[in-house]
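Me: I have a model open and want to learn how to read it. Take me through it feature by feature.

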Amino acid sequence: MIKRIWPVALVVGSNIFYHICAKEIPSDMDAFASLTITYAVAFVATLICYFIFKKASGSEGFTKECRKANWAPFALGVIIVGLEFGWIMAYKAGWQVSMGYIIVTSVVSAVLLGVGCFVYKEKITLNKVIGIALCLAGLIIINI
Amino acid sequence: MFAYLWPIALVMIANIIYQVSAKELPVDMDAFASLTICYGIATVMTLVFFFIFSGGGLSGLMEEYAKINWAVIVLGITAVGLEVGYVFAYKNGWEVSLLYVIQSAIMAVMLLFVGYLLYSEGITWNKFAGIAVCLAGLIMINKKGGSE
């Protein structure tokens, strides 16, 4: 049970601090310049984490681990920037935070339901569909 | 209209590819090693974007760096927490169809309290109702059974 819960708790906790920090970034600083520092810090932090946890994770050495890479780590790097850039431009285009968040969450959740079902053969039960619909309804009510 | 829609479309597509990429990271590859590649790419990309879109060259970049505060650095640490959480969630068996919506619902509820405690934002009746509906949804998702 704890194995399933801690990563989600980490995502939620980090996401909250992420939003607080994003709000506190100097407004007169160039967005891309600040993101170069943010990602450089993230790069160093993951490198430190790698060396701290390498014994526990049974690592075969950094270069050997990097040779196992497929397209996904590279795509993830590009996509993270696309995400940030998209949000920055969305706010510049006049989107409200709450409305943008609801629309993105609704569409992404619906598409991921399909991706889970057709690509990863995940079971789509009636409970799941009703639960997802309720979560989205709750998000809309909170942001009315 | 196009200028209004394309950024949000980019966010949606990026979010979907993000979840699929996080799930597709090689299972036998060390999670932190794969994230160093990811952040290395992200650092270089934002640097290239700065020179293309913001201009000003190296001296312009240094001028921007002079404006740095704590949030820019802590943002990097929280980004790591976020990505590590997603990577391990998928490694530990979470489904693509559930993880995103569950974390979004919990996040919305938690942000209400953050807004109340840190920014003195009011908690109105609709926010309480929204929390109740989100919780009902989370309970429903985790309920065993239900026809396929």
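Me: What pLDDT does chain A average?
Reply: pLDDT is the predictor's confidence in each residue, from 0 to 100. Where pLDDT is low, the predicted coordinates should not be read in detail. Chain A averages 88, and 99% of its residues score at least 70. Helices (H or I, at least four residues) and strands (E, at least two) are DSSP runs, numbered from the N terminus.

Me: How many residues of chain B are in contact with chain A?
Reply: Contact means that C-beta atoms, placed from the backbone, lie within 7 Å. By that test, 100 residues of chain B are in contact with 100 residues of chain A. H2(B) gives the most to chain B's side, with 19 residues. That side divides into 66 nonpolar, 25 polar and nine charged residues. Here Ala, Val, Leu, Ile, Met, Phe, Trp, Tyr, Cys and Pro count as nonpolar, Asp, Glu, Lys and Arg as charged, and the others, Gly among them, as polar.

Me: Which residues touch the most other members of the largest nonpolar core?
Reply: In soluble globular proteins, nonpolar side chains tend to be buried together. A nonpolar core is a set of buried Ala, Val, Leu, Ile, Met, Phe, Trp, Tyr and Cys residues joined through C-beta atoms within 7 Å. Buried means 20 or more other C-beta atoms within 10 Å, exposed 12 or fewer, partly exposed in between. The largest core has 81 residues, and A:Cys135, B:Ile102 and B:Ala105 touch the most other members. Contacts of A:Cys135 include B:Val101, B:Cys134 and B:Leu138.

Me: Where does A:Lys121 lie, and what is its phi?
Reply: Most residues other than glycine have a negative phi. A:Lys121 has a positive phi of about 55 degrees, although it is not a glycine. It lies in the loop between helix H5 (97–118) and helix H6 (126–142) of chain A. A:Lys121 is exposed, with 7 other C-beta atoms within 10 Å. In chain B, H5(B) is followed by B:Ser120, whose phi is positive, near 55 degrees.

Key: Residues are numbered from 1 along each chain as its sequence is written. Chains are lettered from A and ligands numbered from 1 in the order in which they are written. This is a predicted model: local features need pLDDT of at least 70, side-chain atom pairs count only at pLDDT 80 or more; totals for chains, interfaces and linings use all residues. Two residues are in contact if their C-beta atoms, placed from the backbone, lie within 7 Å. Lists of a residue's contacts leave out its neighbours within four places in sequence.
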